[in-house]
Amino acid sequence: MTTPDPSRALEGLVVLDLTRVRAGPTCCRVLADFGADVIKVEAPPGVDPNEFMSGPRHGYDMQNLHRNKRSLTLNLKRPEGRDVFLRLVETADVVVENFRPDVKDRLGIDYESLRQVNKRIILASISGFGQTGPYRDRAGFDQIAQGMGGLMWVTGLPGQGPVRAGVAVADSAAGLYAATGILVALQERERSGEGQWVHTSLLQAQIALCDFQAALYLVDGEVPGQAGNEHPYSTPMGVVATADGFINIGVGGEGHWANFCRAIERPDLLEDPQFATQADRFRNRPKLREILAEVFRQRGSAEWLERLERERVPAGPIYHMDEVFADPQVQHLGIAAPVRHPARGDIRVVGQPVQLSRTPAAVVSAVPDPGEHTDEVLARAGYGAGDIERLRRAGVV
């Protein structure tokens, strides 16, 4: 396996990564994949009772979230550990953390403390519910944010009861919003010469992702319900059962509707006043759904997809994960990024979904062992070999 060259997009940017679980690591992964020097600061073994919240060190989740980083072990609960961290802050650009908001205050690594050391530092904080307010100190988890952010009452079949999304929507979105905030703050720093505190939360990210459902309530005062596999206002759009499986269809307007009727060999539907306009079709959706269910049962998924594609009607297969990565378009996009791990051998992780023409993201190294780079990181910060050995004997690193 050939190792790609590191991205140069964020070359020279030094990030101190205090994150764990998913939201924070998602943020730091963006920066690392685009070439930042991300130093994963983690507690020495046995100090953090929650160190395995992302699973085993060589497990799939850790491999996917923490590639392209260096690892420094540091006990921030010890005064000497805080001193070491603040020394690293002197020459760093960004600190990312996703502790409960009160934790950084107790550790003495809040924004004002960091700013006293380096006025250019950018602190990015990701919490469950925000840095202030009545829920400030609550621990946040993705599913809790999905429920409080409105997602679970617009997911699932009507009458089914609340349903969580099958992926960590709030966690991942909060990480991506934090990365966006960091990049904005870095650009602003070029003008002002000063850093700032960037913060977001799982709750804010989840509400933002609800987007038009949230806007429907805020603008029109209407509470959206569960739509299942149907689109909230366009039809026919969603899942249909075929002779051998399921496919998605998307008929968005009158042009698509005419093409769709040709593809399914039902020109009579074009003349039916019940389905003459988008509003008519939506109003009579149960009747249309019943007609289409009978039509689509007559042929297999592959034949329907070919017919719909021929008539330029949006449609697509519904894959299991193994089928996702077997698809020729997915393979062409290169979203499965290969990397070599010393223990697991050649593996693949999920690559960055945004492409840059000159400085693309690259996955160049697997997850380091805990503390693998402690000596070199501390040496770069000015610690001598004797100092490092003293810190190690004292349990600080």
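Reader: What do the buried residues of α13 pack against?
Author: In this predicted model, the buried residues of α13 pack against the strands β7 (237-241) and β8 (246-250), and also against α10 (254-263), α11 (268-271), α12 (278-283) and α14 (301-310).

Reader: Which residues of α13 are buried?
Author: Arg 285, Leu 288, Ile 291, Leu 292, Val 295 and Phe 296 are buried in α13. They lie on the same side of α13, because they cover an arc of only 125° around the axis.

Reader: Why would residues three or four places apart point the same way?
Author: An α-helix has 3.6 residues a turn, so residues at that spacing point the same way.

Reader: And which residues are exposed on the other side of α13?
Author: Pro 286 and Glu 290 are exposed there.

Reader: How many residues does helix α13 have, and how far does it reach?
Author: Helix α13 has 12 residues, 285-296, and reaches 16 Å from its first C-alpha to its last, close to the 16 Å expected.

Reader: Changing topic: how many disulfides does the structure hold?
Author: The structure holds 0 disulfides.

Reader: Is Cys 27 buried or exposed?
Author: Cys 27 is buried, with a relative accessible area of 0%. Cys 28 is also buried, with a value of 0%.

Reader: Where is Ser 71?
Author: Ser 71 is in strand β3, residues 69-73, and counts as buried because its relative accessibility is 0%.

Reader: What lies 3.4 Å from a polar atom of its side chain?
Author: The backbone oxygen of Asp 369 lies at that distance from the side chain of Ser 71. Beyond its neighbours within four places in sequence, Ser 71 is in contact with several residues, including Lys 40, Arg 57 and His 373.

Notes:
Residues are numbered from 1 along each chain as its sequence is written. This is a predicted model: local features need pLDDT of at least 70, side-chain atom pairs count only at pLDDT 80 or more; totals for chains, interfaces and linings use all residues. Side-chain values use heavy atoms; hydrogens and water are left out. Helices (H or I, at least four residues) and strands (E, at least two) are DSSP runs, numbered from the N terminus. Buried means under 20% relative accessible area, exposed over 50%, partly exposed in between (1.4 Å probe, protein chains only). A polar contact is a pair of N or O atoms within 3.5 Å; within protein, one must be able to donate a hydrogen and the other to accept it, and residues adjacent in sequence count only if both atoms are side-chain atoms. Contact means heavy atoms within 4.5 Å. A disulfide is a pair of cysteine sulfur atoms within 2.5 Å. The expected span of a helix is 1.5 Å times one less than its number of residues. The arc is that of the directions from the helix axis to the C-beta atoms.
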